[in-house]
Every structure is written in structure tokens, then in C-alpha cells.
Amino acid sequence: MPKPPTTVLITGSGPTGLTLAIDLARRGIGVRIIDKSPQFPRSSRAKGPNPRSLEVLEDLGVVDEVLAAGSAPLPMRKYRGGVVIADADPYAATRPTPDAPYDRPWLIAQWRLEEILRARLAEYGVRVELGAELVGLAQGDDSVTATLAGGREIEAGYVVGCDGAHSAVRKLLGVPFEGKTDEEQTMVCGDVEAEGPDRGIWHQWFDEDGGVMLCPIPGTRSGWWFQAAPETDTAGRPVPPSLESFQRLFAKHSGLPGGHLSRATLLSTYRVNERMADRYRVGRVFLAGDAAHVHSIAGGLGMNTGIQDAYNLGWKLARVATGRAAPQLLDTYEEERLPIAAHTLDITAERLRATLEAIKEPGGGLDSAVTPQTYGLGNGYRWSSLAPAGGTARLRAGDRAPDAPCRDTATGAPRRLFEAFAGPHFTLLGFGAGTAQTLREATAAHGDELRAYAVDPADGTGGGAPHGLADDDGRARSAYCVGPDEDVLVLIRPDNHVGLIAAAGDRPAVGEYLKGAALERA
């Protein structure tokens with residue numbers, strides 16, 4: 001059977017590329033995803049999604065599997081001279097709230113997360129094509145021709161480079177990747193087998209002349225992430241990672257036998273890089289994830305920023321590709337995400353400095369890298385051209401849309417706002433009976449492209465909208481800062497950011513926003 005036309009070609013099958021592929025496939029977009037690797041990696045690498053990425057994964061329908069496959073972050077045990085100095089749990093005081101159901105990141109090996117995402121993508125009939133190395137790009141007026149090693153060509157409407165820090169797409173486009181590499185901040189890493197240390201702890205041995213970190217990999221019996229300041233040779237150069245070097249480092253800093261470690265694999269040397277592309281779009285070709293930005297691992301924001309890039313780009317590409325929006329909508333991807341990358345570079349650089357200072361003293365550790373800024377929940381796009389003026393006391397257009405527990409007025413069953421948002425549609429919330437007419441008009445005008453919900457309808461019937469949500473405890477009104485007697489309209493974008501907040505009487509505002517933001521044909 002011939003393959004369907006390729007609307008979007010994605011290069012790179014890490015979490016960024018897979019997130020984008022799923023988001024496009026569920027919208028019925030013809031997507032192909034290729035990777036130059038001959039086989040799927042088993043690297044543990046990034047340690048898991050942060051709270052905002054967990055919200056994205058919930059929308060994509062995989063969060064339950066991700067939570068089951070991983071674990072909550074582990075307490076951190078800090079040592080000095082092999083002696084326990086302190087234990088710390090940076091998430092001990094955090095709790096889920098009605099508007100933010102995920103209060104902490106989740107510990108899961110990257111290879112396992114990718115397995116889950118690939119399985120979800122396969123449900124849409126799309127599979128990663130391995131051994132496909134991109135070597136050329138040629139753009140036309142209506143398409144892009146991608147040339148692979150060996151001469152094979154793929155023609156697509158758009159190409160997205162999710163192919164990492166050494167991105168072939170970025171290099172072929174000639175996009176600068178400005179920044180710096182700190183050769184002094186070097187770390188050797190790998191996956192090891194280990195026996196002896198408590199698997200309920202993230203162990204961190206920090207001494208004045210170096211350190212070793214050992215974190216158990218969820219879902220394995222004896223697998224651990226190993227990270228350490230490298231040994232140096234007689235010339236002061238870092239010694240390449242190896243099992244023997246890891247064993248010596250482990251014995252030196254932990255005081256335990258080096259033989260506790262075995263089977264070191266997926267070895268790498270990490271240097272702190274802080275770089276960012278100066279643009280995310282060249283015609284019909286886009287950059288996302290590490291192809292667009294790299295930064296310190298402090299705070300664990302690398303993979304998460306990529307996942308959230310993809311979530312921002314997916315709905316926009318789909319709307320333009322299907323003729324529901326003008327191509328200018330795609331300009332808002334760079335407009336919104338490039339400032340987030342710059343902000344992330346600042347956060348991670350500051351968190352790295354804080355951590356390096358902390359570990360100089362006994363009891364300091366990686367908990368210094370954790371702040372609410374690393375959760376991703378505060379990232380929004382208030383500056384965007386898709387964020388018109390207006391808002392409530394605490395919420396503005398462009399902000400992340402909060403969750404809240406409600407009740408379905410038709411069935412009486414519990415229903416969260418995130419469940420109402422889930423899927424590729426826009427969502428219109430109408431707080432108060434005065435929004436009923438706008439909800440009816442919007443539903444009639446936009447059909448399945450938009451779902452309208454009357455929130456806390458007085459008559460319990462949904463206020464004339466197809467769907468009604470009873471806000472029995474006032475959690476939804478509280479999350480959206482809507483007073484008990486206010487009638488307010490809130491339009492939620494497909495990526496679960498607030499698109500518009502308007503008074504109930506401003507019915508034209510909803511239609512005008514939707515026309516500009518992709519529901520009506522350009």
C-alpha cells in the first residue's frame with residue numbers, strides 16, 4: 001500500500017520529535033518521522049518530564065503509562081568523605097492543587113519515555129523510520145525536498161528539525177548557533193549496573209576535589225545513572241569515561257569497593273553548552289528542541305523545553321497545512337518559543353551557579369537546582385500577537401490555562417477542565433448565565449473545531465451549550481479569577497494556553513479571535 005502524502009517530515013525521534021508527530025497524527029496530518037540511528041537508543045539521559053510536560057503528556061493520552069513506568073523524585077542523600085552529611089527532598093512540601101495536578105517532575109529513563117511515545121504514535125499508523133540520515137534540503141514554493149544518504153528523496157509540505165544539538169537541519173539551513181561551551185565544567189556519564197547502594201535514594205558524594213552521583217533507574221533491578229567529575233591525566237586533561245574509571249571514581253568518593261559497579265554502557269562526556277539558534281523558521285523548515293537551544297542540565301529543562309516547543313508548533317502547523325489559517329500563524333511559533341528558550345538559558349545558568357556554590361560546602365547537593373521556575377508552569381506568552389489585551393485579576397491571555405475539578409451536568413460524573421481541554425480543539429468556557437448566547441453561537445459557527453462549556457450554569461442544563469460543567473466548590477472560578485457574580489468568556493487554545501478573556505457581552509471578540517487564530521479559512 002503506498003504511503004499517504006507527507007505533509008510534515010520530522011527528523012529526529014527523541015521526545016521532541018515524537019511529541020510533535022503524535023500531535024500532528026491525531027489531527028489527521030500526514031506525518032513521517034525519520035532518524036539517522038540504525039536502532040533505537042537505550043540511553044537513560046534526561047531524567048524525566050517536569051509538571052508542565054506531564055500536562056502535555058496527559059493531553060496526548062500517555063501520562064498514566066508514564067507515571068506507572070517511572071517513579072516520583074527520590075530523596076537526595078549527600079556525603080562528604082564518604083560520610084552521610086544530610087538528606088534532602090526538595091519536593092517534600094509540594095502538593096497537587098486543583099489548578100495544577102502535577103506537583104513535581106517524574107523520574108523515568110528517556111528510552112522508556114520514548115518507547116511509550118512510539119507506541120502511542122503507532123496507534124495512529126505512524127512508525128519511526130530508522131537509518132535515514134538527512135543530507136540535503138531544497139525548498140520550493142509549496143514543498144520541501146529532503147535528500148537522505150544514499151540518494152533517496154522525501155517531498156513534504158514542511159520539515160521540522162528535532163535532531164538534537166548537532167542538528168543536520170540547522171546546519172543545512174545555515175542558522176547560527178551562538179553561545180559558549182565551558183570546557184572547565186565537564187562531567188562523565190553512563191548507565192551502570194550496581195549492587196549495594198539503597199535504591200530508594202539518589203546518592204551524591206561531593207568532595208573538595210570532585211564528586212560522584214548515583215541515581216537508580218526506575219523499572220530496572222540494578223540499573224543506575226552514573227555522573228561524576230572526570231579523572232584527569234598527567235597533563236590535566238579529562239580521562240575518557242570507562243568502567244574502570246567509574247570504579248576508581250566511585251571508590252575514591254564513596255569509600256565503597258569499586259567492584260560494586262559493573263557493565264558501564266552509553267558512556268559520554270558532558271560539557272556545559274549554552275547556545276541558541278537566532279531563528280526557528282526558515283520558510284517551510286522549523287527547528288525544535290535541542291536543535292534550537294541547548295543549556296546546562298541544571299534544573300532538568302532540556303528535554304522539557306523541547307516537548308513544549310513541539311506542543312506549541314503542532315496545532316499551528318496542522319491549522320495552516322489544512323488551510324484553516326494563513327501561513328503567518330506559523331510566525332508565532334518563533335515569536336512565542338524563542339523568548340522561552342532565552343529565559344530557560346538564564347534559569348539553567350543561574351541554577352548551575354547556585355549548585356556549584358552549594359556543593360563546595362558539606363551537605364550541598366543537586367537540590368539547589370530545584371526551584372518553582374523549573375516546573376514549567378509559569379511559562380506563558382503574554383507578549384504574543386495571539387494574546388490580546390484583557391484578563392482577570394491574576395490571569396491574562398497567553399498564560400497557561402489552569403485545571404480545576406468540576407462535575408458534568410448531564411451525567412453528574414466528576415470532570416476536570418483538563419479532560420474538557422483534551423484533544424486538538426479550541427475550548428470556550430462560559431462562566432455565568434450571561435455567556436449562554438455566545439456559547440450557542442460559537443458552537444453553531446465552528447462545530448467540532450471548538451467545544452463550548454457553560455461553567456456553573458444556574459439551571460443545571462448547560463446554559464444552552466452542548467456541555468455543562470458544575471463548579472460546585474468554586475474551584476474553576478477561583479483558578480480563572482472570576483468573581484461569583486461575574487459573567488466571563490475564556491477561550492483556550494489547543495495547546496492549553498489562554499487565548500482570550502472577554503466580558504460576556506463582547507460576543508464579537510470570540511469570533512474575531514478564532515478567525516485570526518486558525519479556525520476560519522484564511
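Start by selecting Arg104, which counts as buried because its relative accessibility is 16% (buried means under 20% relative accessible area, exposed over 50%, partly exposed in between, with a 1.4 Å probe and protein chains only). A word on what you're looking at: this is a predicted model, where local features need pLDDT of at least 70, side-chain atom pairs count only at pLDDT 80 or more, and totals for chains, interfaces and linings use all residues. Residues are numbered from 1 along each chain as its sequence is written, and side-chain values use heavy atoms, with hydrogens and water left out.

Next, pick Glu123 and Arg120, whose side chains meet in a salt bridge at 2.6 Å, N to O. Glu123 is exposed, with a relative accessible area of 58%.

Hop over to Arg382 and Asp399, another salt bridge, at 2.8 Å between the closest N and O atoms. Arg382 is partly exposed at 37%, while Asp399 is buried at 11%.

Across the whole structure, a search finds 33 salt bridges.

Last stop: Asp207. What does Asp207 contact, leaving aside its neighbours within four places in sequence? Show Arg80, Gly81 and His253 (contact means heavy atoms within 4.5 Å).

Terms used: Salt bridge = Lys/Arg side-chain N within 4 Å of Asp/Glu carboxyl O.
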